[in-house]
Amino acid sequence: LSERSPDWVTIVRQFGPLAFQTAWRILGHIQDTEDAVQDALLEALRTYRRQSVVNWGGLLRTAATHRALDRLRKRRKLSVLPADAPAPHADPAGIVAARELADWLRSVLAELPDRQAEVFSLRYFAELTNPEIGEALGISAEAVAVALHKARANIATKWSVVNDAQRNS
Amino acid sequence: MMKTSDHRTSYDPHDPVDLAIAAALLEPIPCEPLARTLKTATAWELESAGSAGPWWSSRWATAAIAASLAAAILVSIHLVRRPGGVDRQAFVQHGESPKVQSFTFFEKFPVTNPLVAERAPIFVVTPGPDQSQTLGAEVLRKDLRPIRLHVWDWSQSKRSRVLDIPDPRGAQTLSPDGRWLLGYSGRGTNLVTAEVRTFDGFAVTNRQGISHVKYSGSGKYVAILIVDRSDEPAWKDPAWRPRFFLRIVELASGRILGEFAAAGNVLSAFAPDDAYIVYAFPAEATRQHRVARRDLPSLQIAAEYTTYGDVGNASRSVDNSAFECVGTACSADGSLIAAAFYYGEVFVWESASSKRLLQFRAKRDDGTRDTFFGAELMSFSADGGRLAAVAGSRLAMIETRSGEVTGYHYSPSTPEFAHVRWTDDGRRVLLVARSQLGDFADDDPVSEFLPNVYEWDGTKEPQPLKAFAADD
């Protein structure tokens, strides 16, 4: 390990919350989030013992995103899209509606092609920039932008399909 | 649309995608679980440092060698790296690639997934390419036209027999003897005679759907799991969930024996002699899943089985997931019943007395709980003495009386399994692996690996079955 590498406890305290926040946004479920983050941290610990890392935050958020998406896909839960989008206000009814909306997004995320789900999560939940995502995945920032566009289009399509079906039923 | 600058600052209230993202970001981070996770992770390194002298001494020796190697690699990388290229090592300064594992691809829906006949050495893959195929072979998706049905008899050969029957498409199940391919609409295709027949008892309303169909051991009955949305409120109610119920149908006559509430996403289990059916259902007050047995054909409740009482782990669950039954099984003589739950617990009871014999809690090699072990597949050995439990690619062999774990396996490289059964001598289990995706072009899979049959004795990792009578 190089001298400027922080110790493990510092890494966990400094970047663990970022990884947890990312996984939580993807999963919205405490137990699953804990498991995904523990797996991500274990991967990071192995890396820590083996080599130097220049961007622990990026590494941990990417690992947490992967593990969280794995968990999300494994759930196989049904989720029904609400007919119209509620504005996520801070009042109790708005919070409940927002929760439902977030759950719907998660269920749709689990159905996206893997690269799209990965890029979408890293962009919006892990809050990485396109170049950072490109670095993490070994692809160009342009490819990230394309995948992100496709992901948003797919999600919007799923929204429209179910909304139309509900209107017609 | 969301701004694509480095940080989100606003969202478009007319864009449903932005609204959904904003909704997910609004949810407060649960502080206690976060603190618990960080505390656990910070302890790992401290435990290693305090407990393993030789590990540290060898570590420094390794580090010295690694430092020399790393310096050499750095120089090499510096020399060969081209400006403008993508640095695939991303966050890592030097040395190996970051080792962030790729996805496990749980849900990419290969089109060649297996259906397995429960009581015959046979399984069907639908669809498949035009020519006979070997178990586990890689096929190109472009070759999956025209769609043909393939049948493997794994007691004989690893090569498939291609049927001259058009693929019926849609969700299907296979009869225990492997003769009938039954669609969820009630349309059955005889794989021997090519006869097509429509069975009665499958009709549902336009607010209902068939989630799963399962044959009884003799093939006399089917259990149809139906999802019912007829009471869905016009106004959004976040607490609302669709109801599930089981319908039991006598296939020959099409007579519906009865319907009763059941848990969604759980496969029921018939006793091998069709004496009863075991299933999970949500309790009225708590919605926690409970396990019960109903006699056939009366469908009278014969017994209920106690699962969680004062089990502490339940307090960690915020949505009853800990109480979510994911699988059920019966022993060959019907005397034992097993049920598996979402977070890795397996219960075994005596069916007649309802006495609980076992509460197994899956653990990883390092002794921590394996909360991924939701055993959807279970199988008792012929004498009921052992239980094989399978959760995706995780496997366990458990002594049903003592609870001793005689075998446990998990590796990310192990395929996921769709079927488990014991060999006649009770020493090994046979496992049918799901199809797996092969290469990708952009985001689209261009090939997939056909299912394969593995054997596992509980000691090493499962190995592909090699001995086939006709091939020898």
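Is Glu111(A) buried or exposed? With a relative accessible area of 54%, Glu111(A) is exposed, where buried denotes under 20% relative accessible area, exposed over 50%, and partly exposed the range in between (1.4 Å probe, protein chains only).

The structure is a predicted model, in which local features need pLDDT of at least 70 and side-chain atom pairs count only at pLDDT 80 or more, while totals for chains, interfaces and linings use all residues. Residues are numbered from 1 along each chain as its sequence is written, chains are lettered from A and ligands numbered from 1 in the order in which they are written, and side-chain values use heavy atoms, with hydrogens and water left out.

Over all chains, 23 salt bridges were found in a search of the whole structure, a salt bridge being a side-chain nitrogen of Lys or Arg within 4 Å of a carboxyl oxygen of Asp or Glu. In chain A, Glu111(A) is paired with Lys158(A), with 3.4 Å between the closest N and O atoms. This pair links distant parts of the chain, 47 residues apart: Lys158(A) lies in helix α7 (residues 141-168), and Glu111(A) in the loop between α4 (92-109) and α5 (114-125). Helices (H or I, at least four residues) and strands (E, at least two) are DSSP runs, numbered from the N terminus. Lys158(A) is partly exposed, at a relative accessible area of 26%.

Two further salt bridges lie in chain B. Glu455(B) and Arg428(B) form one of them, their closest N and O atoms being 2.1 Å apart. Glu455(B) belongs to strand β32 (residues 452-456), whereas Arg428(B) is located in the loop between β26 (417-422) and β27 (429-433), 27 residues apart. Both are partly exposed, Glu455(B) with a relative accessible area of 22% and Arg428(B) with 28%. Salt bridges that share partners also join Glu43(A), Arg67(A) and Asp70(A) into one network.

Arg243(B) forms a salt bridge with Asp231(B), at 3.9 Å between the closest N and O atoms. Here strand β12 (residues 243-250) contains Arg243(B), and the loop between β11 (221-228) and β12 contains Asp231(B), 12 residues apart. The relative accessible area of Arg243(B) is 38%, making this residue partly exposed; Asp231(B) is likewise partly exposed at 38%.

Chain B comprises three helices and 33 strands. Of its 472 residues, 51% are buried. Among the contacts (heavy atoms within 4.5 Å) in chain B with a separation of 6 or more, 45% are between residues 24 or more positions apart.
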